[in-house]
Amino acid sequence: MLSEQKIRALVLQRQFIHSSWTEGLSELLQHLGALQLDAIQRITRAHHHQLYNRLPGYRESHLAEAEERREIFEYWSHAAAYLPMAHYPYARVRMDRIRAGQRHWFEKNAKLCRYVLDRVREEGALRASDFVRTKSGWWEWSDEKKALEQLFHEGELMVSHREGFQKVFDLPERILPANIPTNAASEIEYGTHLVRTFLGCQGTGRLEEMAYLRREDKPLIQLAIKRMLATGELTQWGKELMLTEHLDWEPVRPSRKVRLLSPFDPLILQRKRLRRLFDFEYQLECYVPAAKRRYGYFCLPILYGDQFVGQVDLKADRDAGVLRVEALHWNKKPGVSLEASYHRALGQFARFHGLQSEAALTA
């Protein structure tokens with residue numbers, strides 16, 4: 001039976017939180033399966049935080065460069081995400097479902113989709129703003145933008161890159177490398193991929209965690225688990241599943257150092273799993289009315305070794321060149337070693353963003 005301590009150690013090691021990833025960015029995305037995108041820029045786009053914590057020497061430009069080299073592409077995983085280009089056949093499963101009529105956000109306007117697709121085919125890569133007739137807000141999408149998004153989810157268009165945070169759409173044949181298969185993986189291949197990817201990067205897990213935000217995929221995941229247990233590829237203790245190849249793994253005690261994690265980091269993305277494995281309650285409160293917030297607008301969980309010890313609400317003040325600490329909440333009074341490690345992590349985090357730590361300036 002796996003002890004709670006061994007499970008936490010395995011999860012942290014497979015997540016490469018304390019032990020840095022030694023290969024490239026695209027290989028890291030193959031390991032993680034997806035890099036969730038986020039539009040909130042309280043500090044910087046949150047997907048950069050996830051890479052910062054795993055890739056030594058990472059800079060924000062590295063992500064765009066990997067996309068330009070067509071090593072990664074943007075699509076939908078459990079949410080909007082960057083995916084490794086090698087996983088394109090698995091993304092095609094969802095594309096084909098939507099093309100066959102599965103609804104995503106809104107009803108398809110087939111006539112407008114043909115018009116938009118013809119323009120991209122004739123004119124080259126285009127943005128939603130290239131079709132705009134009147135200005136609209138973020139949530140007030142034009143009909144043309146809806147058509148672009150529909151074609152994107154169907155796989156008729158891909159995102160070439162972003163300008164600012166605006167998608168630039170183009171035809172798949174002008175983006176996909178020649179060596180990437182364009183047919184969808186089979187349903188069972190897709191289900192097996194989801195199981196292997198989740199357990200490969202998370203160490204252990206349960207069915208409901210693998211099916212998180214994937215309701216339509218749950219039957220495939222169940223079938224894949226059944227088959228993988230039968231072949232011996234998986235081992236099960238109660239509800240807990242693990243790749244059999246990891247059975248002989250011996251846990252390495254996690255480093256006693258602080259990591260400041262993005263609210264969208266794959267380690268903490270599933271709040272129920274976070275509570276189950278680490279006994280840590282967390283909620284991203286930027287969507288909570290200000291009067292009802294307990295901790296702050298954009299709190300980052302503070303990981304110390306294999307324990308979550310608090311959370312800090314940070315904000316980038318670009319005009320002043322400072323990373324401001326809006327609020328700091330410890331689960332219990334920190335010791336000297338924890339406080340020192342926190343201040344080192346905060347200073348490094350600020351420097352990554354080209355800022356100075358307000359805490360250091362006022363110390």
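Helix H11 (residues 271-278) has Arg273, Leu274, Leu277 and Phe278 as its buried residues, where buried means under 20% relative accessible area, exposed over 50% and partly exposed in between (1.4 Å probe, protein chains only). Viewed down the axis of H11, these buried residues fall within an arc of 100 degrees, so they line one face of the helix; the arc is that of the directions from the helix axis to the C-beta atoms. The structure is a predicted model, in which local features need pLDDT of at least 70 and side-chain atom pairs count only at pLDDT 80 or more, while totals for chains, interfaces and linings use all residues. Residues are numbered from 1 along each chain as its sequence is written, and side-chain values use heavy atoms, with hydrogens and water left out. Helices (H or I, at least four residues) and strands (E, at least two) are DSSP runs, numbered from the N terminus.

The buried residues of H11 pack against helix H1 (4-15), helix H8 (187-202), strand S7 (204-205), helix H9 (207-210) and strand S12 (307-317); contact here means heavy atoms within 4.5 Å.

Glu209 and Arg276 meet in a salt bridge (2.8 Å, N to O), a term for a side-chain nitrogen of Lys or Arg within 4 Å of a carboxyl oxygen of Asp or Glu. Since Glu209 lies in helix H9 and Arg276 in helix H11, the pair ties together parts that are 67 residues apart in sequence. Glu209 counts as buried at 6% relative accessibility, whereas Arg276 counts as partly exposed at 29%. A network of salt bridges links Arg206, Glu209, Glu240, Arg273 and Arg276. Across the whole structure, the search finds 27 salt bridges.

Turning to the strands, S3 (residues 80-84) has four of its five residues buried, so this strand is largely enclosed by the rest of the structure. Strands count as paired if DSSP finds at least two bridges between them. Strand S1 (residues 35-36) runs antiparallel to S3 and is joined to it by two bridges, with Tyr82 as the bridge partner of Leu35. Strand S2 (residues 72-76) is likewise antiparallel to S3, here over five bridges, and Tyr75 stands opposite Ala81. A hairpin of three residues connects S2 to S3.

Another set of strands forms an open sheet of three, in the order S4-S6-S5 with antiparallel pairing. Its edge strands, S4 (126-127) and S5 (158-163), each pair on one side only. Two bridges join S4 to strand S6 (residues 166-170) in the antiparallel sense, and Leu126 stands opposite Phe169 of S6.

A salt bridge between Glu74 and Arg162 has its closest N and O atoms 2.5 Å apart. This pair links distant parts of the chain, with Glu74 in strand S2 and Arg162 in strand S5, 88 residues apart. Both partners are buried: Glu74 at 3% relative accessibility and Arg162 at 18%.

Glu67, in helix H4 (residues 61-68), touches Arg162 too, along with Ile72, Tyr82, Val159, Ser160 and His161, not counting residues up to four places away in sequence. Glu67 is buried yet has no salt bridge, and the nearest side chain of opposite charge, Arg70, is 5.2 Å away; Lys and Arg count as positive and Asp and Glu as negative, with His and the chain ends not counted. Glu107 and Arg103, by contrast, do meet in a salt bridge (3.0 Å, N to O), and both residues are exposed.
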